[in-house]
Amino acid sequence: MRALLALSDFFQAIDNDQRITMRHIGLYAALLYIWETDGFKNPICLFSKEIMAVAKIFASASYHRYIKQLDEYGYIRYEPSFKKNQASKIYLLALVST
């Protein structure tokens with residue numbers, strides 16, 4: 001239920017944001033799914049391959065473009081680790097009562 005409310009809030013936030021595409025929406029929905037399955041922990045700590053599989057993004061360059069844009073647009077805060085053995089942190093900024 002919390003993830004559904006968070007997704008609803010995201011849709012309200014992007015209503016007039018012409019920069020957001022279906023890829024951004026799919027990536028954000030995948031982040032919410034992982035957030036939910038990981039016990040609603042914020043930040044989400046994960047590797048790019050994990051989120052790419054859930055979001056059905058197959059090109060690393062595309063993933064990095066969309067995750068950085070969500071960060072730039074203010075929907076998430078993305079802290080890449082730049083280390084292969086350390087997960088990146090993704091903070092979901094518009095969560096409902098977390």
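Me: Helix axes are lines fitted to C-alpha atoms over the stretch in contact, and angles run from 0 to 180 degrees between N-to-C directions. At what angle do helix 2 and helix 3 pack?

Reply: This is a predicted model. In it, helix 2 and helix 3 (residues 48–55) pack at about 115°. Their axes are 9 Å apart.

Me: Why are helix 2 and helix 3 called roughly perpendicular?

Reply: Angles of 65 to 115 degrees count as roughly perpendicular. The angle here is about 115°. Helix 2 and helix 3 are therefore roughly perpendicular to each other. The crossing is right-handed.

Me: What makes the contact between helix 2 and helix 3?

Reply: Helix 2 brings Arg 23, Gly 26, Leu 27, Ala 30, Leu 31, Tyr 33 and Ile 34. Helix 3 brings Ile 51, Val 54 and Ala 55. By class, that is eight nonpolar, one polar and one charged. Gly counts as polar in this scheme.

Me: Why is helix 1 called roughly antiparallel to helix 2?

Reply: Helix 1 (residues 2–14) and helix 2 (residues 22–37) pack at about 155°, with axes 10 Å apart. Angles over 145 degrees count as roughly antiparallel. That makes helix 1 roughly antiparallel to helix 2. Helix 1 passes helix 2 in a right-handed crossing.

Me: Which residues make that contact, and how do they divide by class?

Reply: On helix 1 they are Arg 2, Ala 3, Ala 6, Leu 7, Phe 10, Phe 11 and Ile 14. On helix 2 they are Ile 25, Tyr 28, Leu 32, Trp 35 and Glu 36. Ten are nonpolar, none is polar and two are charged.

Me: Why are helix 2 and helix 4 called roughly perpendicular?

Reply: The axes of helix 2 and helix 4 (residues 60–72) cross at roughly 80° and come within 10 Å. The range for roughly perpendicular is 65 to 115 degrees. Helix 2 and helix 4 therefore fall in that class. Arg 23, His 24, Leu 27, Tyr 28 and Leu 31 of helix 2 touch Tyr 63, Tyr 66, Ile 67, Gln 69 and Leu 70 of helix 4. Seven of these residues are nonpolar, two polar and one charged.

Me: What makes Phe 40 and Pro 43 worth a look?

Reply: Most residues other than glycine have a negative phi, and most peptide bonds are trans. Phi of Phe 40 is near 65°, a positive value. The bond from Asn 42 to Pro 43 is cis, with omega near 20°. Phe 40 lies in the loop between helix 2 and strand 1. Pro 43 also lies in the loop between helix 2 and strand 1 (44–46).

Me: How many residues line the largest pocket, and which lie nearest its centre?

Reply: The lining has 13 residues. Ser 48, Ser 81, Phe 82, Lys 83 and Ser 88 lie nearest the centre. To be counted in the lining, a residue needs an atom within 4 Å of a pocket point. The volume is about 200 Å³. Six lining residues are nonpolar, five polar and two charged.

Conventions: Residues numbered from 1 in each chain as written. Predicted model: local features only at pLDDT ≥ 70, side-chain atom pairs only at ≥ 80, totals over all residues. Heavy atoms only, no water. 1 Å grid on protein atoms, 1.4 Å probe; cavity = no way out; pocket = protein on both sides within 12 Å on 5 of 7 lines; lining within 4 Å. Points joined across faces, edges and corners; volume = space filled by probe spheres on them. Helix = DSSP H or I, 4+ residues; strand = E, 2+ residues; numbered from the N terminus. Parallel < 35°, antiparallel > 145°, perpendicular 65-115°, else oblique. Left-handed = near helix turned anticlockwise from the far one by under 90°. Contact = heavy atoms within 4.5 Å.
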